[in-house]
Amino acid sequence: MRILLIVILGGLLPAGASLAQDIDAGRKVAGICRTCHGLNGFARIPIAPHIGGEPAAYIETQLRAFRDGSREHEMMTVVARSLTDQQIADAAAWYNHFDVTATLPAGKNPNDAPELCSACHGSNGISEMPDVPNLAGETNIYLETQLKAFRNGKRSHDIMSPIATELDDKGMQTAADWYSAITINITDPTKPN
């Protein structure tokens, strides 16, 4: 009976519990992500974000939100619904293992970064917080679309929703312009240069 309970409950974890992450398994899962996000996390299409070097906790949270329907996207919802908790943890580990560096355009001063954004996302667009995404090098269209989704309630977040409500279209465009002008480089630290 005890073994049966372990087998039956084996797939259930308390909310917030962490699974062991397997980077090699995550690379296999990333095969379904590569068309839009690239195998190294450098997005191949302008409406997809770069996810190489993103905090693993952020990737996991977003994939679970797409899977459970609390965040919706015509493609990501379908993909995420096919993933187990373990696959999500592994994919997050894969994309997180990449190093990402950001370079501001010549003549740009980090102190000029959008004040409402830089406290969490960094003036160079690289977050140092585990549940905050990088914004460096994202396209204007992606950034503005996400800000508008927070403003109009299509996406909801305790911090981002009120911030987006404070921004008018020009403020959103200014923030998007700042972060989209940053050049990023995503590298695999396990591969020799």
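Let me begin with a definition: a residue counts as buried under 20% relative accessible area, as exposed over 50%, and as partly exposed in between, with a 1.4 Å probe and protein chains only. By that criterion glycine 52 is buried, because its relative accessible area is 4%.

Colleagues, the structure shown above is a predicted model, in which local features need pLDDT of at least 70, side-chain atom pairs count only at pLDDT 80 or more, and totals for chains, interfaces and linings use all residues. Residues are numbered from 1 along each chain as its sequence is written, and side-chain values use heavy atoms, with hydrogens and water left out.

I turn to confidence. pLDDT is the predictor's confidence in each residue, from 0 to 100. The protein has a mean pLDDT of 90, and 90% of its residues reach 70 or more. Helices (H or I, at least four residues) and strands (E, at least two) are DSSP runs, numbered from the N terminus. Confidence is lowest in helix H1 (residues 2-9), with a mean of 35, and highest in H6, at 98. Over residues 1-16 the pLDDT is below 50, and this stretch has 2 contacts in the model beyond near neighbours in sequence; contact means heavy atoms within 4.5 Å. Where pLDDT is low, the predicted coordinates should not be read in detail.

Let me return to glycine 52. Where is glycine 52 found? It is in the loop between H3 and helix H4 (56-68). Not counting residues up to four places away in sequence, glycine 52 touches Asn40, Gly41, Tyr95, Phe98, Val100 and Ile186.

Leaving aside neighbours within four places in sequence, the contacts of valine 100 include Gly53, Ile126, Asn134 and Ile184.

Next, the helix that follows the loop. Among the buried residues of H4 are Tyr58, Ile59, Leu63 and Phe66. Their cover includes helix H5 (76-81) and H6. Just after H4, glycine 69 adopts a positive phi of about 90 degrees.

H6 also takes part in a helix pair. At what angle do helix H2 (residues 23-30) and helix H6 (residues 85-96) pack? The angle is about 95 degrees, and the axes are 7 Å apart. Axes are lines fitted to C-alpha atoms, for helices over the stretch in contact, and angles run from 0 to 180 degrees between N-to-C directions. H2 and H6 are therefore roughly perpendicular to each other, on a scale where angles under 35 degrees count as roughly parallel, over 145 as roughly antiparallel, 65 to 115 as roughly perpendicular and the rest as oblique. Residues making the contact include Ile23 and Val29 of H2, and Ala91 and Trp94 of H6.

Finally, histidine 37 is found in helix H3 (residues 34-37). Is this histidine 37 buried or exposed? It counts as buried, because its relative accessibility is 9%. Beyond four places in sequence, its contacts include Phe42, Pro49 and Met76.
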